[in-house]
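Open the model in your viewer and keep the selection tool at hand. Each stop below gives a selection and what to look for there.

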Amino acid sequence: MSYQRYCLVCNSSKCGHYSKAIADNIKHYLRENNIKDIKVVMTECFGLCKQGPIVKIMPDNIVYSGVKPMDTKEIVEKHLINGEVVSRLVHENKKSKQLKIVLRNCGFIDPENIDDYIEKDGYFALAKALKMSRMDVINEIKLSGLRGRGGGGFPTGLKWEYAYKQNSDQKYVVCNADEGDPGAFMDRSVLEGDPHSVIEGMLICGYAIGSNKGLVYTRAEYPLAVKRLSKAIKDAREYGFLGNNIMGSGFNFDIEIKYGAGAFVCGEETALIRSMEGERGEPTSKPPYPAESGYWDKPTNVNNVETFANVPVIINKGANWFNKIGTEKSKGTKVFALAGKINNVGLIEVPMGITLREIIFDIGGGIKDGKRFKAVQTGGPSGGCLTEKDLDTPIDYDTLLAKGSMMGSGGMIVMDEDDCMVAVAKFYLEFTVDESCGKCTPCRVGNKRLYELLEKVTSGKATFSDLDKIKNLSNVIKDTALCGLGQTAPNPVLSTITNFWDEYVAHVNEKSCPSGQCKELIRYIIDHNKCVGCTACVRVCPVYAISGKVREPHTIDQDKCIKCGACYNTCKFDAIYKK
Amino acid sequence: MEKCKVTIDGKTIEVEKGITILEAAKKIGIKIPTLCHLDLHDIKMVNKAASCRVCVVEVEGRKNLAPSCSTPVFDGMKVITNSIRALNARKIVLELLLSDHPKECLTCAKSGECELQELAEEFAIRKIEFEGEMSRYRKDYSPSIIRDMDKCVMCRRCETMCNEVQTVGVLSGINRGFNSVVATFFEKNLEDTTCTYCGQCVAVCPTGALTEVDYSWDVINAIANPNKIVIVQTAPAVRAALGEEFGLEPGTSVTGKMVAALKRLGFDYVFDTDFAADLTIMEEASEFLDRLTRFLNGDKSVRLPILTSCCPAWIKFFEHHFPELIDMPSTAKSPQQMFGAIAKSYFADILQVPREKIVVVSVMPCLAKKYEASRPEFKVNGNPDVDISITTRELARLIKQANIDFMSLPEEDFDKPLGESTGAGVIFGVTGGVIEAAVRTAYEWYTGKELRDVEFRQLRSDEGIRTASVNFGGFELNIGISYGLGNARKLLEEIKSGKSNYHAIEIMACPGGCIGGGGQPYHHGNLDIIRARARAIYHEDRHKEIRKSHKNPYIIELYEKYLGKPLSEKSHKLLHTHYFKKVLY
């Protein structure tokens, strides 16, 4: 049946806590009022997490933010029945700088309904591609300027062409859905919100390179994505988009899902292939590239979710439409997971070439609590920190690389004046040390030693020669590690040591952490001019480090203090400060 | 072959396209240091982990440094192997490896043979700039091999050897990052796995992570004990390799000097395992002809081919992997065990002493022999037939410890009666040798004719799997030969699927046979050394007066005086064994 209205309830991250109650309530009130032509759909992130939970009414295009389950009666009775907008809940939509290509359908369609996808021109691109020659499809992708969205930014069309040129009885198309950057969930959102776009992209790739078999390597920790993708594959088979003789073209293609166990390194394509083969997930030397010898030694084209999701749009609207978006060498849009000390966290999709200032201050709504912006980490643990001076640089693959960071898969974490940049570098390095596969020396031992050197810095034990060691070791690791994980692991260290040299020096020279984050370097001190001797701090100190007579200024014994901060939080007179 | 021009350190050469930078550099005499890399392509073992990153070089136009061991050359490629950038990277990589390596060189079994030590020396590393947490693992002691993973550099050579060449599949990388290490299934003790103790992991380990269990001090103690009669037996492959430990060219046979050294070490009797090899042939050839005749007469209860049973690693391998074929190997014990059984019965009777008074020491090219000697079925009332089994390397150390100037020793002869052997016994040490020795005897017994030319060239080669046929007076005997357990597996799979038409198969676990054993002097990746040892063995055979086992007068005497005839009841009791079905995990 056709529906009058769609009521979209965000089921992602923060909103997800309430989404079931909200959706159930709306359904309940609709039933109570005997309304059947309104469909309630659970959807993916709208990129408004901070304002969530979000409910969107289509086709009215009204977004309600901060919806609570108890607001649903009002939304149903006022808006859905009487057509009046509930003004108190309406989200004020500033003129957005976002442009949605990859996320075009996310939140707008029911991801479990293939008809919804078809209604949005779904599988039209496949039909169009099947009428083109294989090389024409590849040329179209080449002309579009699409580059791999997984991080490296290798031109997609060129990759396809390599695979196309290989002579082999069997070729494979692999979709890399092993998203692992901390805080990033771009691929998950696409798989959960618009799985058919990925299937269609893989189909077009399969046709272009001459493959009949697709594999999606995804994380077992993404149950909803797996469920929706499985359903989408099943539906696509039923509709004849997957299987033999697709659309009467003689082209055969099917897709299988492979599950990863959550190792970050398995996002590296050679490790991913080893993992799919049932081997230990370890990268191998390139060459040979997967395009020559990949899955079971057959030519294999690996692209990530976001890359594939771009493909149907490029075929539908043409390469010349797509390549007008973005910068000279980076075309189209990029999805970022905006997180950290920023007002509007969530998923955003922006055209390449947008500046960090626009992302952080216009879309992101600026820094939380009115604090000062300090840095932004792009590219997850493999990227680097960009600072205030980079705010107006147009973002694309090459500018980020030139600045010692990288696009990565699209994590973007904003830091404010309270963040210690040495601690930030240490945090990211800890992640890569944990996630290293252990195969090559520079990554297995080198990153570990680098981490230990940073620990020396944050605990005030480092010398200037340690800083030299950090720099030299970082550069050697970049120069010698076997795979992308190891080669990029020192990026956070190198970019912070370049951009925030003074902070490193402060840790070494003054044995102090300017941001007051490095626990071992903090000292809590009682200001004797402010202390009234109320003894509140004495009572909360777990190690009896504070002494003093009642109504007289107190003192903290630095040798006993464990820097737990209990006194600092308890003092009502602001008499305790960190140094 | 397509050619391409490459410039390395300013020298331009034309090489085949697709070879690595390392190979190209070698052609013009540039030796790029390596650690994890090991190319034993003759036995299809190429470790291409490219994981140590010691061999990195600068390639013009490339963003990062390239591992020369795995980067193929291309036309117009410009490589610099000794730039400051490459040298600095190499030095730091080495320091990183050393920063997680025990500094126990003085007490390490691999000292002097360690490839990491050699690199550290070459790079003049006097101070390790990096320090921090060290890897600590439980040491794993088995009857043959000690695994000390604190010393593992994750080159993965052992893993490649164990999984790809031997298809034993015991070793594999586990854990992640700094904690990753090569380990067994669920970190079990080697003893509780399907490890065959072939020792090829030890043979390729660049450091002291994998070493043999050293029993040389037990030997010294036994010799020093006045209440014991200490007998030594030496395997054929030992004499072809021992000289390498004293700086002699590979392929120099040192039989006489070895005997002299053993006598000076204080052994009461210096005997030869080759004697027992002749004895093995008597039993095995009889068993084979018995099976063959019954088979040809239509006896459905006999299965062919007969499989040789001299190699203890191979025995353990089929016990685990092919228990359904357990009736196929010959029941004849290996020469080491036959020697022990005879020494502690026949020879004990001659000396008129109880078996407990005799200590049998064996010098073997092999680590699995240590395990074989410890198998419970080779003990009588808890007293083992072979008490101590040491390797060629351990013997060399013993000789050095005893201040014996090996090079100036005269050539001496083995003692009698268990020291006399034929050429057939000598060639047991090389692949194809056991079957050739068996054929020399079986031919004469089967055809009743004298064999004039004893050299069966069709059985000699260094191919991992080969087949040959020998004309037994009109009857074509089909023979299969393989070395390396992976190759053995292929032959056994053929048998299992019924595709095999072999009558007899010889299997040895190590490359080139026992001469490439896990207890031999380290070959450091140079398999020409093993080929040279094979030549030494064949040379020794050629110069033996008697070259057929059944013509050995001391063997004839042994049967006349003690055993009766081959396959007699006494022979069965002393010289034959049985096998056990073992589980895979």
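This is a predicted model: local features need pLDDT of at least 70, side-chain atom pairs count only at pLDDT 80 or more; totals for chains, interfaces and linings use all residues.

The contact takes 16 residues from domain 2 and 21 residues from domain 3. Now pick residues 200-204 of chain B. This is helix α5, which gives the most to the side of domain 2 that touches domain 3, with 3 residues. Colour that side of domain 2 by class: 8 residues are nonpolar, 7 polar and 1 charged.

Next, show both chains. Chain A puts 26 residues into the contact, and chain B puts in 28. On chain A, select α15 (421-435), α16 (441-458) and α17 (464-480); these are the elements that give two or more residues to the side touching chain B. Of the chain A elements, α16(A) gives the most, with 8 residues. By class, this side of chain A has 9 nonpolar, 7 polar and 10 charged residues.

Now the backbone. Zoom to P287(A) and P288(A): the peptide bond between them is cis, with omega near 0 degrees. P288(A) sits in the loop between α10 (269-276) and β8 (300-304) of chain A. In chain B, go to K416(B) and P417(B), joined by a cis peptide bond with omega about 10 degrees. P417(B) is in the loop between α13 (392-401) and α14 (423-426).

Last stop: A124(B). Its phi is near 50 degrees, a positive value in a residue other than glycine. Look in the loop between α3 (115-122) and β8 (140-141) of chain B. Is A124(B) buried or exposed? A124(B) is exposed, because 7 other C-beta atoms lie within 10 Å and the cut-off for exposed is 12 or fewer.

Notes
Residues are numbered from 1 along each chain as its sequence is written. Chains are lettered from A and ligands numbered from 1 in the order in which they are written. Two residues are in contact if their C-beta atoms, placed from the backbone, lie within 7 Å. Helices (H or I, at least four residues) and strands (E, at least two) are DSSP runs, numbered from the N terminus. Ala, Val, Leu, Ile, Met, Phe, Trp, Tyr, Cys and Pro count as nonpolar, Asp, Glu, Lys and Arg as charged, and the others, Gly among them, as polar. A residue is buried if 20 or more other C-beta atoms lie within 10 Å of its own, exposed if 12 or fewer, and partly exposed in between; C-beta atoms are placed from the backbone.
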